[in-house]
Amino acid sequence: MKNPKLFVVSAPSGGGKTTIVKAVLERHPDFEFSVSATTRAKRATEGEGKDYFFLPKEQFEQLIRQKALVEHEEIYGNYYGTLKREVDRALLAGKCMVFDVDVHGGLSIKKLYGNKAVIMFIEPPSIQVLENRLRNRKTEDEETFRRRMARVASELEIGKQFDYRIVNDTLTRAIDEVDEIITRQLSSN
Ligand code: ADP
Ligand code: 5GP
């Protein structure tokens, strides 16, 4: 593609970004997923180099010093960052890229890439529904669950600055809405 785009999906934890990003990648097999680096522990369902590059803190800090990251944030006590080489490689190959990053990361990518980046914020129907979904996912212990919920209000506020806001009520409807935005963006390219 002559003018590939960077599609960023952000949401509070449990908001549905992983699920929605997966569905987008299934519908667009030619898109690439931006595999971030993180210092958080790998979950049983995750793969090294597929969901994240799982790194020790020292190695992550070395990437910061080497300016190998487009952006990075400390979230819930761990580092997360977008690898410059991943983005450069996709853009050079003319491929659209999909990002699953937090709201600050989303705004940083927009600031850096301007119109090339399309930032989408996935909103939960309510905080209570979000809490239930995160609990039902059963990936967090009580302490990390609490930390994740503590960030929600500020994330919802920052989400107002995004190009698009999509309410994740019915999953298929939310996926369709994201896909419509992507299709519209590509056809106006
Ligand atoms: P995130 O990546 O934003 O933390 P996930 O994609 O892991 O969120 O979704 C959190 C949980 O909620 C998962 O168990 C997922 O299957 C579920 N989920 C996501 N969207 C919906 C929806 N619209 N309705 C019901 N459950 C949902
Ligand atoms: P999780 O631990 O649930 O996989 O992710 C926690 C948070 O980190 C999510 O909001 C996710 O979008 C965000 N995240 C993942 N990778 C990156 C990244 O490279 N940069 C930023 N800023 N946030 C990220």
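The side chains of Asp179 and Arg27 form a salt bridge with an N to O distance of 3.1 Å; the term stands for a side-chain nitrogen of Lys or Arg within 4 Å of a carboxyl oxygen of Asp or Glu. Asp179 belongs to helix H8 (residues 171-187) and Arg27 to helix H1, so the pair links distant parts of the chain, 152 residues apart. Helices are DSSP runs of H or I with at least four residues, numbered from the N terminus. Over the whole structure, 22 salt bridges are found.

This is a predicted model, in which local features need pLDDT of at least 70 and side-chain atom pairs pLDDT 80 or more, while totals for chains, interfaces and linings use all residues. Residues are numbered from 1 along each chain as written, chains are lettered from A and ligands numbered from 1 in written order, and side-chain values use heavy atoms, without hydrogens and water.

Ligand 1 has 14 residues around it (a heavy atom within 4 Å). By class, the shell holds two nonpolar, eight polar (Gly among them) and four charged (Asp, Glu, Lys, Arg) residues. Helix H1 (17-27) and helix H5 (127-137) each supply at least two of the shell residues, and H1 gives the most, with three.

Polar contacts are pairs of N or O atoms within 3.5 Å.

| Residue | Protein atom | Ligand 1 atom | Distance |
|---|---|---|---|
| Gly16 | polar backbone atom | oxygen | 3.0 Å |
| Lys17 | polar side-chain atom | oxygen | 2.9 Å |
| Arg133 | side-chain N or O | nitrogen | 3.2 Å |

Taken alone, ligand 1 exposes 570 Å², of which the protein buries 75% (Shrake-Rupley method, 1.4 Å probe).

Methods: Polar contact = N/O pair within 3.5 Å; in protein donor to acceptor, adjacent residues only side chain to side chain.
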